[in-house]
Amino acid sequence: MDSQTFTLINITVMTVVAWIVPLQFVPVFIWLERKGSAIIQDRIGPDRTGILGFRLFGMVQNFADVVKLLMKENIVPANVNRFYFMLAPFWAMTVSLLPLLVVPFAAPLDFAGRTVRFQAADLGVGLLYILSITSMGVFGIILAGWSSNNKFSLLGGLRSSAQMISYELSMGLAMVGILMVYQDVRMSSIVEAQGRLLTAWGHTLPLPHWGIFLQPLSFLLFLVASFAETNRNPFDLAEGESELVAGFHVEYSSVKFSLFFMAEYSNMVVAAFVIATLFLGGYQVPFASTETLRQNPQLTLSLLCLLVALLKGTAGLIFYKIGNRQRHLYAGVKRAEPFLFSGLCFAVALAALALLAMGLTMGLPAWMNGVLTVFLQVLCLSLKVLFFCWLFVWVRWTLPRFRYDQLMKMGWKLMLPLALLNLLVTGVIILTQK
Amino acid sequence: MTPMIDPKTLLPAQVQDNSASGLDAAKHKDKKDLVFVNLGPSHPATHGCLRALCALDGETIVAAVTEMGYLHRGFEKDAEVHTFQQVIPYTDRLNYVSAIMNNVGYCKAVEKMLGITIPDRAMVLRVITCELNRIIDHLVCAGANLVDLGALTNFWYAFNAREKVYDILEKLCGARLTSSYTRIGGLSRDTYPAFADEVKAVLKDIRKSVAEITKLVSKNRIFVDRTQGVCVISKEKAVSYGWTGPTLRACGVEYDLRKAEPYYHYEDFKFEVPVGTHGDTYDRIFVRLYEIEESAGIIEQALRKLPKGPVMTDDKRVALPPKQQTYGNIEGLMNHFKIIMHGICPDPGEVYDYTEAANGELGFYIVADGGKNPYRVKCRPPCFMNYAAFHEMIEGGMIADAIANLGSINIIAGELDR
């Protein structure tokens, strides 16, 4: 296999992965939303649907919903523009899957004389690519709003387009801040640059060289703008349930609706990935650069195993508590299920600890170093992404919705000047550092 | 987008001539590109069936016409073909969010007609249940209003407390929503042993949930911007429209029937009447939230002074005799027979009586012709007057304001349409 074929295979595999990852995050996100909102609102959340009694703590509800949506009648109302009406959901879904192509999931790995990349396309215009693709997402909403031939849809589409245009500006300017400090638009370089420690005027600070520390204002602006870009509460004016019924997707049912629904969530997953990549060091493990990890396999192994053990141990404890609380309510599989999962989690945690002990006492084969680093970095990125997913949930169930004119006012009169000010200050600081 | 309906044919003269509604008529006279949108009758924010036909310029409502009657069940006509007692379950369906207050309002009017004074225990229990109902009505109103604003979580904080109140009401009268708790001359049944303790416990929950809601919204900038100065109505306008209750008090008029014309010894209870200053959506929400606390105080005082004794008057015209008398002597049997078969027959005459319900003045005008059925029952629902001002309040605002306002004036379609 020559190196060209290898690169081709590498890219193909990573392209598929970059499409599958958001699709895999979507059900988790929906589950997180349902259970998270239930926790916030003192409810229980979905806990009835199950397969053979296994309910996976409400996760099975997603399958039931998919089946329900697929079974529903595919209604195309009379007098709609049929082509655009059908195109809109597919457009929204497709576009929402594209930005992850340039996001690196782990540092490139040198393996048997070849370089394996964990990024589908390391474009030279990475950052601009993300900006351009995400701005295309609005077409799906506008098309849906216009072609539905419904006034509520039309208003939703109008709101959405105005909102996207206004917030794209501050989003882009927030990105420029990142571009200025890292001096590059290539995503892999930006992430690589975040592996160091923060230095300011010759002093090394005990902070990672992350965007959030270099550009805190830019981070806030980007975060707010990405809420607006994903049409998420408090910016969910396009949907505006209580005002516009369902906004742009009021006429959509069955599969077409589910595509919009999934696009919304996969947009948020993508936004979480982008925020994590630009501002929280992407795959970088805090205080441990890729080189450090590669050179100290013991450290990598300990970090990985301890992290897994901690996560699984916590999950096991939670499952055990849930099981104990529900013990008197159910019988059979329903009663046993939380304990089963709790046991599994504890087993994985123990296995991780055992692996750690084995690795530390017996040493590791050389090829393991790189692989362990990849695992650790992917895990680290996933955790960051999950945190931002939770933030999306948290904010949605806490804040009221903006009004259209207030939204515009905030976008143009507050965020845009702040973003410009941020650029000015950043520029001055960069100049003084030279 | 061209309007699908010709506004000239559909809209009444009022919209075409905007001078009546205080709008700059000249500015909109030549508007040809208005979009006409029906908010309702089937719309998530109408909480029932209402219709507001809005002429939109962009998102701004240039003119609005409201319409009601989509939930008309003919309460008043029904009342004419039922006996005085049989009307009580129908009153449950007026403002179904606080059913007992309607029971009390109707029974109080009939009792006034008959000249009956109910026992003290029944009075105090009516006060307690009414105030519990006022609390849940305000919780529903505030919670649903915040949902309309997009703040979904408050709804559950409000409704969890409300569910606990319903648990008590269920134990008290056997039904959660449609309680039919009162009878003409008293109450259907007395309390159960743990009543006072459970009410005290539920008040604690209510105070906690109100504190949580207040904490979530009162200093939230988005909420404040969305509600302050939105859909303002002046004191004078509100009075001229006949507003009563919390919506009127939010405009700065300190008018509460419990203070102005006390009934059921309300003058003996210590409570404040929260009054707003601006008459905007914010004031209307917070007047309600503060009233919850006052109602809780009244309930605590009432529980302390709850006297012992019967909950039903012994007036033979309305009260069934005890079972021993019904089965034991002929007078009791006849009395029972007369009430069951012939019903309560007030002397011919008419009466208007009113109570301070959760939404405002709930009045019943009853005409009797000496028969067992009322000749005419006219209900004065408080939200009817609120809704009359709705179109004027939303004109000039945006759709989102209209929705926020609709929640804050608390239109209950069952009461509006009757």
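## Helix α14 of chain B

Take α14(B) to start with: its 24 residues should span 34 Å at 1.5 Å a residue, and the end C-alpha atoms are 36 Å apart, which agrees. The expected span here is 1.5 Å times one less than the number of residues, and helices are DSSP runs (H or I, at least four residues) numbered from the N terminus. Because 17 of the 24 residues of α14(B) are buried, this helix is largely enclosed by the rest of the structure. Buried means that 20 or more other C-beta atoms lie within 10 Å of a residue's own; 12 or fewer makes it exposed, anything in between partly exposed, with C-beta atoms placed from the backbone.

This is a predicted model, in which local features need pLDDT of at least 70 and side-chain atom pairs count only at pLDDT 80 or more, while totals for chains, interfaces and linings use all residues. Residues are numbered from 1 along each chain as its sequence is written, and chains are lettered from A and ligands numbered from 1 in the order in which they are written.

## Helix α9 of chain B

α9(B) covers residues 195-217, and its 23 residues reach 33 Å from first C-alpha to last, close to the expected 33 Å. Buried residues in α9(B) include B:Val199, B:Val202, B:Leu203 and B:Ile206. An α-helix has 3.6 residues a turn, so residues three or four places apart point the same way. The cover over the buried residues of α9(B) includes α7, α8, α10 and α14 of chain B.

## Where the chains meet

Contact (C-beta atoms, placed from the backbone, within 7 Å) links 23 residues of chain A with 26 residues of chain B. On the chain A side, α5, α9 and α15 each supply at least two residues.

A:Val245 sits in the loop between α9 and α10 of chain A. It counts as buried because it has 21 C-beta neighbours inside 10 Å. Leaving aside neighbours within four places in sequence, A:Val245 is in contact with A:Phe152, A:Val250, B:His43 and B:Pro44.

## Domains and core

Chain A is divided into domain 1 (3-42 + 71-284 + 384-433) and domain 2 (286-364), with bounds from an automatic or database domain assignment. Their centres, taken over C-alpha atoms, are 31 Å apart. Five residues from domain 1 and four residues from domain 2 make the contact.

The largest nonpolar core has 245 residues, and A:Val269, A:Ala272 and A:Ile275 have the most contacts inside it. Such a core is a set of buried Ala, Val, Leu, Ile, Met, Phe, Trp, Tyr and Cys residues joined through C-beta atoms within 7 Å. Its largest share, 17 residues, comes from α7(B). Both domains of chain A give residues to this core, so it lies between them. Beyond four places in sequence, A:Ile275 is in contact with A:Phe222, A:Leu223, A:Ser226, A:Leu280 and A:Phe388.

A:Gly53 lies in the loop between α1 and α2 of chain A, and counts as partly exposed because it has 13 C-beta neighbours inside 10 Å. A:Gly53 and A:Val333 are 280 residues apart in sequence and 5.5 Å apart in space, C-alpha to C-alpha.

## Confidence

Chain A averages a pLDDT of 84, and 99% of its residues score at least 70; pLDDT is the predictor's confidence in each residue, from 0 to 100. Among the elements of chain A, α9(A) has the lowest mean pLDDT (72) and α8(A) the highest (89).

Technical notes
Two residues are in contact if their C-beta atoms, placed from the backbone, lie within 7 Å.
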